Amino acid sequence: MQCPAMQNPRVGRRSAKAAAQQGVACVHIGGRVFASRVSGQRKDARAASAASRAKSVKVHATATIEKPAGPTVTPSNGGAGTRVMIIGGDGYCGWATALHLSARGYEVCIVDNLCRRQFDLTLGLDTLTPIATIHDRVQKWAEVSGKYISLQIGDICDWEFLSQAFTFFQPDHVVHFGEQRSAPYSMIDRQKAVFTQTNNVVGTLNVLFAIKELKPDCHLVKLGTMGEYGTPNIDIEEGYLTVTHNGRTDTLPYPKQGNSFYHLSKIHDSTNMLFTCKAWKVAATDLNQGVVYGVRTEETMADPLLINRYDYDGIFGTALNRFVVQAAVGHPLTVYGKGGQTRGFLDIRDTVRCIQIAIDNPAARGEMRVYNQFTEQFSVNQLAEIVSREGRKLGLEVVVQNVPNPRVEAEEHYYNAKHTKLVELGLQPHLLADSMIDSLLEFAVQYRDRVRMELIKPAVDWRKTGVKVNTMGAAVAK
Ligand SMILES: O=c1ccn([C@@H]2O[C@H](COP(=O)(O)OP(=O)(O)O[C@H]3O[C@H](CS(=O)(=O)O)[C@@H](O)[C@H](O)[C@H]3O)[C@@H](O)[C@H]2O)c(=O)[nH]1
């Protein structure tokens, strides 16, 4: 489906000839031609490339780059050429995962419609870090690692595109990050609520059909969310709950209570996945991920062009990442309401490792495994306390402010979620030790000149979600 932010997409289908005239590199997918912009520098390089074609290597299906002098990261081959399609591979978790797997010898194909970048353009937001285009990213990765990531630009809600991408790449595993992932975005207005649910549910449904029809032995690794469970007054299990009712016992999907149209979309995905695992013997792993923090992974720090995005605004910025930036620029930490909201958190370095673990230990055909993917739980107040303490150590003056909660959620509640399965499979968590906060704070300080203070405020009020399309107003809560 076309995202509301992509009324005038910069990347789309056009003829190879027209694209070439406009300085555009073509990516052929199953007989269709997709196009991407090429810098002047690369245009010149391409003009001169005829003579040196023997030395060049393929990045996309048809785009060529000069062979790098030699890798500057040391890759390994543990992935043994396993073919992994990463849907949403240009996003925060997807990009870090693509590089992590590529570095380890998995053969990676990124599928992305660049929607996340378009949301920023439409809403006037920006990442703390300056990020390169996806084409420059994969080209730079080839230079520093000697590994090639193939790229398919298109929308998985478009069956024709997705089926061709599947047929072309023949994935052994599909890692699906390609959803609208912001709860506040889904609560801006009716259009964005409808987009979020249609995009997420239809996209996942298409992936399930692609597996069934085109690659039945392909394992689906789907990013779910801890927010599917809500905040029940009992322990949260990993996916399933054994219940005895009126003398009979069964193991059932754990009850779901999403707190935004976004979280609800993930619940619908899980339901569709469970059904197709039963009906079509799909093999699926649903990773109910907590709130991710951090930005550095070994691979994304290997070159400035590989740097990951870092969102701090009131729509896409998440709690800890926001607090760190707020501390770096002297903005009061925005604790919503009483601050007793407790969630599971994990370092982005653990996200990438968890995905690898899920791939290396695939579900059997017909099985839907559910893992809770987080390493520690904290309340928002605890996070604010930790950031304040560590900020003061760096000489930052950190003030905590309880602001009226723009969301409808429990602000004081019981929370005890199990998260042992990924550890049993080998995850060694990076815990939120003081050193981590230090280095995250130092990172934010390094980029603080790029912070736009007006983007920090809470941006979307759950109670005021209306039917009117809200773009300008979305950046600031009214
Ligand atoms: O400035 C802020 C920002 C957030 N919060 C509070 O922090 C908690 C978490 O909010 P968040 O914005 O960090 O995360 P959330 O909206 O839940 O969504 C994020 O984390 C989810 C995992 S989980 O929270 O559902 O476990 C993922 O699914 C989403 O894709 C990701 O955007 C909420 O209680 C929120 O009210 C504050 O107090 N102050």
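Start at helix H7. Aspartate 158 caps its N-terminal end, with a side-chain oxygen 3.1 Å from the backbone nitrogen of glutamate 160. Helices here are DSSP runs of H or I, at least four residues long, and strands are runs of E, at least two, all numbered from the N terminus.

A word on sources. This is a predicted model, where local features need pLDDT of at least 70, side-chain atom pairs count only at pLDDT 80 or more, and totals for chains, interfaces and linings use all residues. Residues are numbered from 1 along each chain as its sequence is written, and side-chain values use heavy atoms, leaving out hydrogens and water.

Back to H7, residues 159–169. Its buried residues (under 20% relative accessible area, 1.4 Å probe, protein chains only) are Phe161, Leu162, Ser163, Gln164, Ala165, Phe166 and Phe169. Just after H7, glutamine 170 takes a positive phi of about 55°.

Look at the polar atoms. Threonine 225 has a polar side-chain atom 2.7 Å from a ligand oxygen. For tyrosine 262, a polar side-chain atom also lies 2.7 Å from an oxygen atom of the ligand. Glycine 227 uses a polar backbone atom, 2.8 Å from a ligand oxygen.

Where does the shell come from?

Conventions: Polar contact = N/O pair within 3.5 Å; in protein donor to acceptor, adjacent residues only side chain to side chain. Buried < 20%, exposed > 50% of the residue type's maximum accessible area, 1.4 Å probe, protein only.
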